[in-house]
Amino acid sequence: MVRTVTIRLFAQAREAAGASEIHRPIPEGGIAVPTLLRELERDFPRLRRVLTISRFVRNGEYLPGPVGHLSRGDELAIHPPYSGG
Amino acid sequence: VSVRLTPGRLSIARAYAALADPTSGGVVLFVGRVRPDRRRGGEVSSLFYEAHTTVALSAMAAMETAARGRPGVRQVLLWHRTGDVPVGEPSVIVGVGAAHRAEAFEACRSLIDELKSTVPIWKTDRARPARRRPRSPRPRARGSAD
């Protein structure tokens with residue numbers, strides 16, 4: 001079975017990556033969030049700046065920063081600064 | 001419904017009706033509308049709003065619960081529109097019904113500030129191209145005879 005995580009991108013993050021959702025294979029033991037972010041920066045260089053100002057949400061819960069671990073089926077959302085209202 | 005994210009038009013009358021509790025001596029509604037700001041590409045014709053819906057709704061529900069716990073506050077309403085919102089139409093309505101006006105004003109102000117900075121909603125400008133100004137007639141050379 002393919003092990004993947006889903007990355008959801010909003011606003012400037014979506015524009016930088018050219019996609020609102022990315023499904024990415026991960027190693028059997030999962031992947032550290034910083035490792036995944038480095039891979040994303042490598043694949044989408046325009047994301048680098050956006051990631052420095054974004055918040056990260058794993059399965060609907062805010063992470064305290066670009067930290068933590070993702071397992072198969074997890075979702076990581078990248079939230080650039082909010083601009084509602 | 002006190003917390004709402006919707007692609008439909010927001011009705012100020014419905015928002016006010018939703019706060020119709022006679023025990024609230026003061027009702028404050030904040031309505032945020034789309035402005036026709038000038039941008040390099042022309043004038044803003046609409047704003048496009050996107051949200052991380054589940055996280056946004058949960059944040060808005062938590063804000064509503066916390067605000068209802070403030071002294072004097074009876075009802076709280078947080079509505080935000082998503083999708084394309086044309087100039088002049090409301091993009092957000094925050095409403096508070098409270099025993100007295102001071103509590104209603106204070107709660108409403110802090111709710112809209114908190115919503116803008118903590119709820120995962122984003123807007124993008126959509127501009128209509130600037131109209132080319134009609135050429136004005138070239139001024140005649142001074143002293144020319146008419």
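**Where chain A meets chain B**

Let's start at the contact between the two chains: 14 residue pairs, each with both members at pLDDT 80 or more, are in polar contact between chain A and chain B. Keep in mind that this is a predicted model.

Which elements of chain A give two or more residues to the side that touches chain B? They are α1 (11–17), β4 (55–58) and β7 (75–79) of chain A. Of these, α1(A) provides the largest share of that side, with 4 residues. Sort the residues on this side of chain A by class and you get 8 nonpolar, 6 polar and 5 charged.

Now take both chains together. Chain A puts 19 residues into the contact, and chain B puts in 18 residues. Between them, the two chains bury about 1300 Å², and 52% of that is on carbon and sulfur atoms. There is also 1 salt bridge across this interface. To find it, look for A:R14 and B:E50, whose side chains meet with 2.6 Å from N to O.

The largest pocket holds about 290 Å³, and 18 residues line it. Which of them lie nearest its centre? Those are A:G85, B:R35, B:L47, B:Y49 and B:K123. As for the elements that give two or more residues to this lining, they are β2 (26–33), β4 (42–51), β7 (90–98), α3 (101–118) and β8 (121–129) of chain B. By class, the pocket lining splits into 7 nonpolar, 4 polar and 7 charged residues.

Conventions. Residues numbered from 1 in each chain as written. Chains lettered and ligands numbered in written order. Predicted model: local features only at pLDDT ≥ 70, side-chain atom pairs only at ≥ 80, totals over all residues. Heavy atoms only, no water. Contact = heavy atoms within 4.5 Å. Buried area = accessible area lost by both parts, 1.4 Å probe. Salt bridge = Lys/Arg side-chain N within 4 Å of Asp/Glu carboxyl O. Polar contact = N/O pair within 3.5 Å; in protein donor to acceptor, adjacent residues only side chain to side chain. Nonpolar A, V, L, I, M, F, W, Y, C, P; charged D, E, K, R; others polar. 1 Å grid on protein atoms, 1.4 Å probe; cavity = no way out; pocket = protein on both sides within 12 Å on 5 of 7 lines; lining within 4 Å. Points joined across faces, edges and corners; volume = space filled by probe spheres on them.
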